[in-house]
Amino acid sequence: MTSALAAPRSPYARAPRKNGVNWEKWGWLYMRVSGIVLVVLIFGHLFVNLMVGEGVSALNFAFVSGKLANPFWQWWDVAMLWLALIHGGNGMRTLVNDYATTRVARGILKSAILAAVVILIVLGTLVVFTFDACPAGQPADLLPTFCQAL
Amino acid sequence: MWSWVLHRITGVAIFFFLLVHILDTALVRVSPEAYNAVISQYQTPIMGLGEVALVGAIVFHAFNGLRIIAIDFWNAKYQRVLFYVVIGLWVVTMLAFVPRHLINVFSH
Ligand code: HEM
């Protein structure tokens, strides 16, 4: 960290780009719009999973499959998944830009963030939409009660 | 400035939790036993206290995020007052959450 900081309000070292899409601006807006939606999605998520009934101690496979058998919760969870990972990944990108001092370090760290975000979005979306609430050959006491009616 | 530091730290902490949380939830696709084995780790007293810290971080980040949005789109004049509003809402939310959560953790 030997590079000196330029004096405040000195001209840009590189002239700002004048044409093309201003991605930084859309990223800035995305953080705010997704943030507002995430407040609703995450507070609802925490309320239903941790406050209703016996909260954390009631969580198990039967509880989750009861929720994911319902399209309402499928879409709730998928929306939360995409919005939160992209919001968090973009936020982490800001931190890398602020704290990683070399070009190589920034490249490696941002690639790692991008890879984590893409892999988890694909994994999470597949889990929610290919999920089987009543998998065959499993002990009935681990499954939601509605499986017995099948 | 402290609101900014806290917003960064809570943002990073939540991000790393989210990575783990998607992986543990993905176990519902493996088998009921696998999912139950891992989720029972979230039901221990130590993790129960960790969940209090996690919810505290999320609630702060959420309310302070709304404060940032209000400052950017509305008026920066009230930023200091709004910070005390964030703290107040955080205390009220945690008072609603923590006792109930600890009863759920420690009575099972
Ligand atoms: C609960 C609803 C949420 C709200 C209202 C919210 C709001 C915000 C806002 C307004 C920013 C500032 C962006 C900027 O300055 O350009 C931000 C940054 C950030 N958020 Fe969130 N957020 C929420 C949830 C999350 C979640 C779930 C994560 C993790 C996956 C997260 C991680 C981050 C990170 C890492 C930053 C960057 C911090 C920085 O640049 O200093 N946030 N958030």
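**A ligand between two chains**

Okay, let's start at the ligand: 22 residues sit around it, and those that come nearest are Arg32(A), His87(A), His7(B), Arg8(B) and His61(B). Here, "around" means having a heavy atom within 4 Å. Before I go on, this is a predicted model, where local features need pLDDT of at least 70 and side-chain atom pairs count only at pLDDT 80 or more, while totals for chains, interfaces and linings use all residues. Residues are numbered from 1 along each chain as its sequence is written, chains are lettered from A and ligands numbered from 1 in the order in which they are written, and side-chain values use heavy atoms, leaving out hydrogens and water.

So, whose site is it? Residues of both chain A and chain B surround the ligand, so the site is shared between chains. Which helix gives the most to the shell? That's α3(A), with seven residues. Helices, by the way, are DSSP runs of H or I, at least four residues long, numbered from the N terminus. By type, the shell has 11 nonpolar, nine polar and two charged residues. Charged means Asp, Glu, Lys and Arg; nonpolar means Ala, Val, Leu, Ile, Met, Phe, Trp, Tyr, Cys and Pro; the others, Gly among them, are polar.

Now, two arginines to look at. Arg32(A) has a polar side-chain atom 3.2 Å from a ligand oxygen. Arg32(A) also makes a salt bridge with Asp72(B), with the closest N and O atoms 2.7 Å apart. A salt bridge is a side-chain nitrogen of Lys or Arg within 4 Å of a carboxyl oxygen of Asp or Glu. Asp72(B) is in helix α3 of chain B and Arg32(A) in helix α1 of chain A, so this pair joins two chains.

Over on chain B, the side chain of Arg8(B) has an N or O atom 2.6 Å from a ligand oxygen. Its salt bridge partner is Asp98(A), the closest N and O atoms being 2.6 Å apart. Again the pair joins two chains, because Asp98(A) lies in helix α3 of chain A and Arg8(B) in helix α1 of chain B.

Are these arginines buried or exposed? Arg32(A) is buried at 13% relative accessibility, and Arg8(B) is buried at 15%. The cut-offs, with a 1.4 Å probe and protein chains only, are under 20% for buried, over 50% for exposed, and partly exposed in between.

Conventions. A polar contact is a pair of N or O atoms within 3.5 Å; within protein, one must be able to donate a hydrogen and the other to accept it, and residues adjacent in sequence count only if both atoms are side-chain atoms.
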